[in-house]
Amino acid sequence: MFKKIFSALSPGNSSESKSQLAAQFIEQSREGLAQQTAAHSATWHFGSEENWSADLDAGIIQFDFKDGTQASAAMQVVGTYNELDGTFLWGWDHPSIPEPLSKHAQLAQQWGEENEVEEFKSRKVECSEDEAWSFAAVANRLGKANGVYRGSSDTTLVFMTFGEIQLVAANS
C-alpha cells in the first residue's frame, strides 16, 4: 500500500494517480469533518442552535441556544453557495469577504493548484451543495480548523470554518 502511495507521489506520476490522491484527500477531509461535527453535536449541541451570526469585521461566529447559552469562535469564510444557480464562489476572491477571513480558502486554492484540481482553482464553480461541503471540508483540514458551519442567508449558503469554541452559559 505505501509503495503505491509513494510511487503516485513521485515526480513522474500520472495525472490519473494525482487525481486519485486528490479524491482520497477530499474523502478523508469529509470523514474528518463528520467526526468533528459529531463531537461538537455531542458536547455542546452544535446543530441545534436557535440562531447564528457572523461578524465579518471581528472575524467571529456566534451561536445562540434556546437556554441562553452562547458559543463563539474565530472564523474564516470558505465561500458562498448560490442555491438559485448552483454555483460556489470561493472566499479567496469574494467581493464580500475581507481578505483576513479568506486564509483557509486561500489554502484550498493553493492545494488545488498543487494537485491540479480545477474546482479549487476557479473563482466560481458550478457544483452541488454536497460538492461545496467537500470544498469546505478540505479548507477545514488544511486550515487545521475546528469545524465547518453552513449558514443560510436567503438563497445563499455561507460555508465557514471555525476555531476553538468559547462557551458562555446562560446567567453567567
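Reply: First, the classes: Ala, Val, Leu, Ile, Met, Phe, Trp, Tyr, Cys and Pro count as nonpolar, Asp, Glu, Lys and Arg as charged, and the others, Gly among them, as polar. This is a predicted model, where local features need pLDDT of at least 70, side-chain atom pairs need 80 or more, and totals for chains, interfaces and linings use all residues. Numbering starts from 1 along each chain as its sequence is written, and side-chain values use heavy atoms, without hydrogens or water.

Me: How do the residues lining the second largest pocket divide by class?
Reply: The lining has 14 residues, with Ala-22, Ile-26, Val-117, Glu-119 and Phe-120 nearest the pocket centre. Helix 2 gives the largest share, six residues. By class, the lining splits into six nonpolar, four polar and four charged residues.

Me: Which backbone oxygen does the side chain of Gln-36 reach?
Reply: Gln-36 sits in helix 2 (residues 15-44). Leaving out residues up to four places away in sequence, Gln-36 touches Asn-140, Asn-146, Gly-147 and Ala-145 (contact: heavy atoms within 4.5 Å). At 3.0 Å, its side chain reaches the backbone oxygen of Ala-145.

Me: Are helix 3 and helix 5 roughly parallel or roughly perpendicular?
Reply: Helix 3 (residues 103-114) and helix 5 (residues 129-142) pack with axes 8 Å apart, at about 100°. His-104, Leu-107, Ala-108 and Trp-111 of helix 3 meet Val-138, Ala-139 and Leu-142 of helix 5. These contact residues are six nonpolar, one polar and no charged. Angles of 65 to 115 degrees count as roughly perpendicular and those under 35 as roughly parallel, so helix 3 and helix 5 are roughly perpendicular.

Technical notes: Helices (H or I, at least four residues) and strands (E, at least two) are DSSP runs, numbered from the N terminus. A polar contact is a pair of N or O atoms within 3.5 Å; within protein, one must be able to donate a hydrogen and the other to accept it, and residues adjacent in sequence count only if both atoms are side-chain atoms. Axes are lines fitted to C-alpha atoms, for helices over the stretch in contact, and angles run from 0 to 180 degrees between N-to-C directions. Angles under 35 degrees count as roughly parallel, over 145 as roughly antiparallel, 65 to 115 as roughly perpendicular and the rest as oblique. On a 1 Å grid over the protein atoms alone, a cavity is a set of points where a 1.4 Å probe fits but cannot get out, and a pocket is an open set with protein on both sides within 12 Å along at least five of seven lines; lining residues have an atom within 4 Å of a point.
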